[in-house]
Amino acid sequence: MKVLLFSILKFGLKVLYAPLKLFKTKNRVVYLSRQSNDKSLDMSLLERAISENNPDAQQVFRLRMIPEDISSKIKYCLAVVGDMYYLATSKVAILDTYSITVSCLKHKKDLKVIQMWHALGAIKKFGLQSIGTKEGRDEKISSAMCMHKNYDYVLAPSKASARFYMDAFGCSADKIKICSLPRVDEILKNDGVSVKFFRENPALTGKKIVLYLPTFRDRERTAVQLLKTQFLQDMEDYHLIVSTHPLFSKVKIDREFSYNGTYSTIDLMKVADVIVTDYSACAFEAALLMKPLYFFVPDYELYIKDRGVNIDLKAEMPDAVFEDAEELCKSIKSGGYDQNTLFAFKTKYIQNTNNNNTQTLAKFISMIIK
């Protein structure tokens, strides 16, 4: 039934799109996303750099999460028509997620579509890689939705990551552009955020900050509780901060694992002495800072079975992967850490660790516009 509905939807979109393509193409970049209703850091940095390189170019943002209630979903569907207008009249479309209007419609030849995926890498399988798995989409529905079609360029942070991206987006090697996301520049920038953090959190001065960044998954609440319990028992000189995935609201953030002030995930990584994650792509962001990085994966074998991974963490980071919270805490307290292995991990999966990623991408896009 769903496949039939998607087929009808695609036909309706094509009928609406045909006359819109008669409008003149403008020197315009349109950004599309279902990740958030606001500009991502990557989009904001890129917008500013494109304006510097090509001040005459228009930049339009079509950013909307799919709402839950029926009336909002109707408004969302009407807004899709606006998306189609901007696709029909722009030279470049930049998206950080799947877009039904990008993938299901036939576009003008002078529109170039750039997939700027919202993560800096991929430990876990995603996109087309996860089709048919327990946590992925149904194969028939994915086919009906034309998942990840019509990309002219797919940004990948390294050659090692490129093969994952080719699988996830179903694209050939000639469509891969090795280019790190603009956020890398922000991560590497020394902005003094630690001074501000401890000014607002004087009670944490002298303690070592451990930042826990779990990925979005059904068993996240269990993993968080295991780690919180162990820290309360055995880590007096440490303060654990739990920063859950923005799409996951089932984890209660207790006061003893929180902090004062408003800080982004990148800010918190700069403040932290130790960073703990699991299958999240924030591991690559953390690696850029060359701080002790650990993986807490109590469901490792089950996760591999249900979702699948691109990177064998136990092979690449053997001394930093733990399924037991107590053993993880012992390792953190020991103070010993293999920085050479972390450096190898970082350089393998993020090729450009300079602070010119935003300008590199902006110049590439400006060249397309001109």
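This is a predicted model: local features need pLDDT of at least 70, side-chain atom pairs count only at pLDDT 80 or more; totals for chains, interfaces and linings use all residues.
**Reading cysteines and salt bridges**

Colleague: How many disulfides does a search of the whole structure find?

Modeller: The search of the whole structure finds zero disulfides. Cysteine 146 is accordingly in no disulfide, and the nearest cysteine sulfur, in cysteine 104, is 4.0 Å away.

Colleague: Is cysteine 171 buried or exposed?

Modeller: One reads this from relative accessible area: buried means under 20%, exposed over 50%, and partly exposed in between (1.4 Å probe, protein chains only). Cysteine 171 is buried, at 11%. Cysteine 146 is buried as well, with a relative accessible area of 17%.

Colleague: How many salt bridges does the structure hold?

Modeller: A salt bridge is a side-chain nitrogen of Lys or Arg within 4 Å of a carboxyl oxygen of Asp or Glu. The structure holds twelve. In one of them, arginine 62 pairs with aspartate 83, with 2.7 Å between the closest N and O atoms.

Colleague: Which parts of the chain does the pair of arginine 62 and aspartate 83 link?

Modeller: Helices (H or I, at least four residues) and strands (E, at least two) are DSSP runs, numbered from the N terminus. Arginine 62 is in strand E2 (residues 58-63) and aspartate 83 in helix H3 (residues 70-88), so the pair links distant parts of the chain, 21 residues apart. Arginine 62 is buried at 19% relative accessibility, and aspartate 83 is buried at 6%.

Aspartate 83 also forms a salt bridge with arginine 64, again with closest N and O atoms 2.7 Å apart. Because arginine 64 lies in the loop between E2 and H3 while aspartate 83 is in helix H3, this pair ties together parts 19 residues apart in sequence.

Colleague: What separates lysine 330 and glutamate 326 in helix H14?

Modeller: Their side chains meet in a salt bridge of 3.9 Å, N to O, between lysine 330 and glutamate 326. The two are four residues apart in helix H14 (residues 325-334), and therefore about one helical turn separates them. Lysine 330 is partly exposed, at 41% relative accessibility, and glutamate 326 is partly exposed at 37%.

Key
Residues are numbered from 1 along each chain as its sequence is written. Side-chain values use heavy atoms; hydrogens and water are left out. A disulfide is a pair of cysteine sulfur atoms within 2.5 Å.
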